[in-house]
Amino acid sequence: MPRTRPSSITRRLIIASLTLMPILLGVTGIAIDRAHTNSLMSAEQEQLRLQFFGLLGALEWQDGEFEMGDRLKEPRFWQFRSGLYAEIRRRDNSIVWRSVSSDTLNLPAPQNMPRSGQEFFGEAKINQESYFTFHYHAIWETDNENEVPLLFSLYSQQSTLLNELNNFRRQISLWLGLVLIISSVVSAVILYWGLRPLRRLAKDLLRLEQGDTVQLSDNYPRELQGITHNLNQLLNKEKKQRERYRNTLADLAHSLKTPLAVLKSGSSDSNAVNEQITRMDNIINYQLKRAVSSGKQKLSSKTRVQSLVNRLNQSLEKVYRDKSIQFQNLLKLDLTLAIDEQDAMELFGNLLDNACKACQHKIVISAAETPLLCHIYIDDDGLGMSELQRETLIQRGLRGDQYGQGHGLGLAIVRDIIDSYEGELSFEQSTLGGLQTKITLAKS
């Protein structure tokens with residue numbers, strides 16, 4: 001029996017978990033970072049929009065000129081190189097107003113001029129530094145009802161946002177790394193604890209291999225009970241098979257003593273010698289059949305009974321051609337039994353052969369089913385048996401050749417097969433006048 005290694009399964013699961021979890025957390029971190037970045041960009045755009053409305057509200061038209069009133073309260077517009085710059089231009093690109101903070105700076109003109117009443121948010125470079133830009137094309141109506149197009153341009157340094165974004169990324173990386181470490185430890189503990197039954201199963205299989213135990217215990221989780229149950233069935237079958245071999249060899253040795261003694265006596269009666277040789281041949285064949293008959297097989301073996309019985313009937317019609325036996329097979333086409341096909345062939349072959357020997361002209365094979373069991377009846381129109389004789393047929397420990405014609409060596413084989421499948425064998429008086437043989441076996 002090969003030794004399993006559940007520990008390798010544990011390692012593989014842990015490696016798979018440690019591989020997939022960083023990928024999952026990495027994707028999660030990227031999604032969070034993008035969402036946070038978009039949120040910061042939206043907030044920056046909204047902040048520049050508010051600054052534009054502040055400029056628009058502070059701008060005044062006096063004596064045919066634009067002037068920036070005292071209502072502009074944003075201090076960064078009045079601080080030199082504060083990182084927030086603004087200017088207002090006419091359509092001819094002449095400057096109407098420019099913030100004090102942008103003195104000595106060459107503010108770039110917008111590449112995409114927005115239409116009147118529309119805004120544009122983008123990015124630009126000023127002295128090799130990155131800035132957010134906000135442009136709005138407004139139409140100013142003067143007192144004499146003239147319309148003056150004005151382009152409001154605002155520039156905000158990106159360094160503040162980038163510093164905040166980098167700080168957030170460091171924090172999220174730290175927390176996701178901590179989550180990865182904790183989740184990896186928890187996953188390893190869960191996997192180690194969850195696979196304990198497999199490690200215990202491996203130890204039990206090793207004990208089986210070393211001969212310290214004969215079967216697996218039933219104290220396993222529900223998910224493993226099917227495996228352990230089938231393994232125990234396989235072990236029991238192997239054990240019974242070994243016992244059958246030992247018993248068969250013992251029976252064979254004991255059965256051959258008498259014919260061998262006759263042959264060793266040097267009898268000159270050729271008929272007696274031939275009779276003993278024939279008897280030895282029958283005994284050897286019988287014991288070999290008992291030795292190779294399969295045990296209980298609930299793991300996967302199922303046999304369709306009707307077609308098997310039809311094949312046997314065709315063979316027996318040739319053997320007992322002189323009787324002109326009429327076989328009536330009433331079994332359903334889809335009737336299946338949880339029995340190996342070779343065992344079924346041996347079982348029904350012996351019983352039908354006995355029925356052919358005992359009948360006069362007719363044999364009927366029928367069945368009655370329950371959800372779990374199937375009862376198969378073989379009736380013949382022979383002379384039948386008394387109740388005492390029928391009880392004798394099912395007694396254990398008696399040899400089959402003591403049952404009279406029609407129930408010889410084959411009945412012992414039948415009993416062994418029925419017992420190995422935990423079935424039942426009984427005999428009743430048949431409505432046809434002869435003997436009814438009843439077999440009870442599981443359907444699945």
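Which residues are buried in helix 7?

1. Basis. This is a predicted model, in which local features need pLDDT of at least 70 and side-chain atom pairs count only at pLDDT 80 or more, while totals for chains, interfaces and linings use all residues. Residues are numbered from 1 along each chain as its sequence is written, and side-chain values use heavy atoms, with hydrogens and water left out.

2. Overall make-up. The protein has ten helices and 14 strands; helices (H or I, at least four residues) and strands (E, at least two) are DSSP runs, numbered from the N terminus. Of its 444 residues, 40% are buried. Buried means under 20% relative accessible area, exposed over 50%, and partly exposed in between (1.4 Å probe, protein chains only). The accessible surface is about 26500 Å², and 52% of this belongs to carbon and sulfur atoms; such areas come from the Shrake-Rupley method with a 1.4 Å probe, and for residues only the protein chains shown count as cover. Among contacts between residues at least 6 apart in sequence, 59% join residues at least 24 apart, a contact being heavy atoms within 4.5 Å.

3. Helix 7. The buried residues of helix 7 are Val305, Gln306, Leu308, Val309, Leu312, Asn313 and Leu316. They lie on the same side of the helix, because they cover an arc of only 155° around the axis; the arc is that of the directions from the helix axis to the C-beta atoms. The face turned away from this buried side carries the exposed residues Gln314 and Lys318. Packing partners of the buried residues are strand 8 (303-304), strand 9 (326-329), strand 10 (336-337), helix 8 (341-358), strand 11 (362-369) and strand 12 (373-380). As to length, the 15 residues of helix 7 (residues 305-319) should span 21 Å at 1.5 Å a residue, and the end C-alpha atoms are 21 Å apart, which agrees. The expected span is 1.5 Å times one less than the number of residues.

4. The whole structure has ten salt bridges, each defined as a side-chain nitrogen of Lys or Arg within 4 Å of a carboxyl oxygen of Asp or Glu. In general, side chains of opposite charge can pair when their charged atoms come close. One of the bridges joins Arg169 and Asp33 (2.6 Å, N to O). Arg169 is in helix 2 and Asp33 in helix 1 (residues 6-58), so the pair ties together parts 136 residues apart in sequence. Arg169 is partly exposed, at 34% relative accessible area, whereas Asp33 is buried at 16%.

5. Glu46 is partly exposed at 36% relative accessible area, and Arg49 is buried at 19%. In another salt bridge, the closest N and O atoms of Lys357 and Asp353 are 3.3 Å apart. Lys357 and Asp353 are four residues apart in helix 8, so about one helical turn separates them. Salt bridges with shared partners also join Glu46, Arg49 and Glu119 into one network.

6. Helix 2. Trp175, Leu178, Ile182, Val186 and Ile190 form a nonpolar surface patch with about 490 Å² of accessible area together. Patches are made of residues with over 30% relative accessible area and no salt bridge, like charges being joined within 9 Å and nonpolar side chains (Val, Leu, Ile, Met, Phe, Trp, Tyr) within 5 Å. Ile190 belongs to helix 2 (residues 159-194). Ser187 is also in helix 2, but counts as buried at 19% relative accessibility. Leaving out residues up to four places away in sequence, Ser187 touches Ser17 and Met21. Met21 is 166 residues from Ser187 along the chain, with their C-alpha atoms 10.0 Å apart.

7. Strand 14. Thr437 is in strand 14 (residues 435-442) and is buried, with 6% relative accessible area. Beyond four places in sequence, Thr437 touches Leu351, Ile376, Tyr377, Ile378, Leu425, Ser426 and Phe427.

8. Backbone angles to look at. Asn93 is not a glycine, yet has a positive phi of about 75°. Asn93 sits in the loop between strand 3 (84-90) and strand 4 (95-98) and is partly exposed at 45%. Thr104 also has a positive phi, near 70°. Thr104 lies in the loop between strand 4 and strand 5 (119-126) and is exposed, at 64% relative accessible area.
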